Amino acid sequence: AKQPGRVLYVFWDANCWYCQLTWRALQHYEKAGLQVRWVPVAYQKDNSAALAAAVMGAKDRVAALRENETRYRAKSYDGGIKAAAKVPAELAIELEENMTLMGRFGMSGTPALVWKDSSGRVQTHLGMPPLSKLPAITGLPEQKIDDPELARFR
């Protein structure tokens with residue numbers, strides 16, 4: 001959304017299954033006007049940094065993130081984008097800074113959601129949120145989510 005009512009920050013690891021589920025659920029809210037800023041971190045697997053670097057270094061980061069999430073392999077908990085051959089030093093520093101920032105919010109895992117509520121107070125949620133909490137998190141009316149993979153989060 002170019003003029004979002006609310007901005008949601010999500011710290012995510014490219015190999016994180018719950019991040020992938022959060023991404024799927026939030027697609028409905030993004031279509032309704034939410035702006036999500038996906039903040040990559042890398043800690044879950046040895047190749048997490050290389051996957052994050054593939055997204056961060058892409059010409060179209062949104063398309064790269066979409067590729068990672070739509071091609072995600074849940075059975076092996078692997079992101080779906082081809083890993084970067086090498087993580088450039090500047091991206092490794094950026095990933096470390098993102099981990100530090102996530103920690104400053106008191107978050108130690110992914111997905112880690114951060115937003116300002118309607119009163120302007122910073123709120124956080126660690127893990128895949130229940131679908132019933134997404135309207136409060138996003139500031140938008142409840143969106144219809146009929147994805148069977150998300151049914152258990154109702």
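Mentor: Before we start, a quick convention: Ala, Val, Leu, Ile, Met, Phe, Trp, Tyr, Cys and Pro count as nonpolar, Asp, Glu, Lys and Arg as charged, and the others, Gly among them, as polar. Keep in mind too that this is a predicted model.

Trainee: Got it! So how does the lining of the second largest pocket split by class?

Mentor: That lining has nine nonpolar residues, one polar and two charged.

Trainee: Which residues are they?

Mentor: Among them are Arg6, Tyr9, Asn98, Trp115 and Lys116. Strand 1 (7–12), helix 4 and strand 3 (112–116) each supply at least two lining residues.

Trainee: And what volume does the second largest pocket have?

Mentor: About 170 Å³.

Trainee: Switching over, what about the largest pocket's volume?

Mentor: The largest pocket comes to about 400 Å³. It is lined by 20 residues, and Val36, Trp38, Arg61, Val62 and Leu65 are the closest to its centre.

Trainee: Which element gives the largest share of that lining?

Mentor: Strand 2, with five residues. Helix 1 (17–31), helix 2 (48–56), helix 3 (61–70) and helix 4 (89–104) are also among the elements supplying at least two each.

Trainee: New topic: which residues make the nonpolar surface patch of about 230 Å²?

Mentor: Leu101, Phe105 and Val122. You'll find these three in the lining of the second largest pocket as well.

Trainee: Where does Val122 sit, and why is it called partly exposed?

Mentor: Val122 belongs to strand 4 (residues 122–126).

Technical notes:
Residues are numbered from 1 along each chain as its sequence is written. This is a predicted model: local features need pLDDT of at least 70, side-chain atom pairs count only at pLDDT 80 or more; totals for chains, interfaces and linings use all residues. Side-chain values use heavy atoms; hydrogens and water are left out. On a 1 Å grid over the protein atoms alone, a cavity is a set of points where a 1.4 Å probe fits but cannot get out, and a pocket is an open set with protein on both sides within 12 Å along at least five of seven lines; lining residues have an atom within 4 Å of a point. Grid points are joined across faces, edges and corners, and a volume is the space filled by probe spheres set on the points. Helices (H or I, at least four residues) and strands (E, at least two) are DSSP runs, numbered from the N terminus. Patches are made of residues with over 30% relative accessible area and no salt bridge: like charges are joined within 9 Å, nonpolar side chains (Val, Leu, Ile, Met, Phe, Trp, Tyr) within 5 Å. Accessible areas come from the Shrake-Rupley method with a 1.4 Å probe; for residues, only the protein chains shown count as cover. A salt bridge is a side-chain nitrogen of Lys or Arg within 4 Å of a carboxyl oxygen of Asp or Glu.
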